[in-house]
Amino acid sequence: MTIRPLFAALAVTALAGCAADPAPNEQMRLTGQALEQATAVGATVEDVPELKLAEGKYSQAKADMADQSFKDARVQAEQAELDARLAEAKVLTLKSQEQLNVLNTRIARLRKQLGDAQ
Amino acid sequence: MKLKNGVLGGLLLASLYGCAGQHSDVALQQAYNDFQKVKEDSNVLRIAPKDVIRAGESLARADRLSSYWGSGADVQHYAYLSQRYSEIARQHSEKVLNEERAAKLELERQRLQLALREAKLLSVQQQGKWLEEQIISLATTQTDRGLVMTLGDVLFDTGEAELKSSANRTVLKIVQFLQLNPKRVVRIEGYTDSTGGKQENRKLSRDRAQAVADMLMDLGVDDKRIHVEGYGDEYPVEANASERGRAQNRRVEIVFSDEKGQLGAAR
């Protein structure tokens with residue numbers, strides 16, 4: 001685990017209240033990508049509340065980046081990334097459920113026709 | 001699977017420290033509960049092990065941070081991430097389970113579709129049987145030559161080979177019957193009464209049979225399935241002495257083969 005030395009730093013920053021974090025450029029990129037992916041599978045802010053959350057946090061992260069509040073930016077961006085990933089996963093699950101419903105409808109229709117034919 | 005359980009078990013957190021504040025305690029507890037649920041779900045473990053591990057790692061981090069004073073916000077953050085990973089794992093596994101269900105249903109659908117096709121085919125065959133009964137009742141007799149249908153003299157004018165339009169219904173029924181029984185073939189036999197010369201009658205009888213054959217072909221019956229014969233005034237069904245008898249002898253007979261296409265021998 002590489003986070004052990006981080007604990008001390010975190011404790012210190014928490015006490016001192018000053019942020020010495022580096023700019024989370026890679027995290028910002030990942031978050032942007034996750035948002036794009038969620039949108040690409042058809043998630044919309046109207047239908048998926050997690051996407052709305054993600055976009056809000058991503059905007060906040062961008063603002064934090066501009067203010068050089070890198071720790072806040074990282075927190076917002078990390079949460080936004082997972083919000084977006086959850087939005088994507090929810091859309092895909094919904095689609096698989098719809099596919100299942102279509103199949104069930106077809107099967108019911110086939111069964112009915114078979115019932116009629118016999 | 002066993003190994004994975006062990007790893008995840010190692011990530012299990014027993015104690016929740018109270019020093020990180022009320023809010024982060026609640027967040028930590030919720031994350032812990034969510035993680036427990038996905039960790040104990042064998043489907044989620046099978047389908048989305050990575051997300052479950054990440055949920056455990058984030059939770060472990062939140063738990064460790066909770067022992068530090070003033071780390072409430074960080075605890076809440078990692079607890080949040082952990083909860084998200086648990087939920088993502090649950091969604092992924094739900095999706096894959098749906099896909100697995102769909103694959104099974106697709107097989108079921110194909111099976112039913114096949115069954116339905118067979119049932120339809122059966123009903124067409126039954127319809128064919130029904131039509132066969134109709135045709136039999138229409139004007140056929142089961143003879144030693146097979147199923148024979150007689151088109152009477154009313155369908156031809158005296159000395160003419162042209163089929164009258166009143167024959168249409170009957171001919172259409174024959175076409176339909178042959179379409180439903182694609183292996184059956186027919187022999188169309190023409191007959192005349194004894195009026196006129198032998199040679200002339202033979203030609204006239206053949207022309208009459210051919211007229212019926214032509215119409216069948218026009219309606220889509222393959223010519224390979226139609227044999228044409230002209231027997232002239234041979235094989236009368238009645239004595240030629242009376243007009244009524246002669247009328248009955250002026251006829252075209254359609255001999256149907258059996259279902260396999262076996263036609264009785266020609267006369």
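**Exercise 1. In this predicted model, how many residues of chain B are in contact with chain A, and which helix of chain B supplies the largest share of that side?**

Let's start with the contact count. Chain B brings 33 residues into contact with 31 residues of chain A. Next, look at the helices: α4 (49-65) and α5 (72-139) of chain B each give at least two residues to the side that touches chain A. Of these, α5(B) supplies the largest share, 27 residues. Finally, sort that side of chain B by class: twelve residues are nonpolar, eight are polar and 13 are charged.

**Exercise 2. What is the secondary structure of chain A over residues 70-97?**

First, the record: an unreviewed UniProt entry annotates residues 70-97 of chain A as "coiled-coil region". Now turn to the model, where the chain over residues 70-97 is 100% helix and 0% strand. The end C-alpha atoms of this stretch of chain A lie 40 Å apart.

**Exercise 3. Find where Q68(A) and Y235(B) lie, and decide whether each is buried or exposed.**

A reminder to begin with: most residues other than glycine have a negative phi. Q68(A), not a glycine, has a positive phi of about 65 degrees. Its place is the loop between α3 (49-66) and α4 (70-117) of chain A.

With 11 other C-beta atoms within 10 Å, Y235(B) is exposed, since 12 or fewer is the cut-off.

Key:
Residues numbered from 1 in each chain as written. Chains lettered and ligands numbered in written order. Predicted model: local features only at pLDDT ≥ 70, side-chain atom pairs only at ≥ 80, totals over all residues. Helix = DSSP H or I, 4+ residues; strand = E, 2+ residues; numbered from the N terminus. Buried ≥ 20, exposed ≤ 12 C-beta atoms within 10 Å, placed from the backbone. UniProt positions renumbered as here; feature names shortened; annotations may be inferred. Contact = placed C-beta atoms within 7 Å. Nonpolar A, V, L, I, M, F, W, Y, C, P; charged D, E, K, R; others polar.
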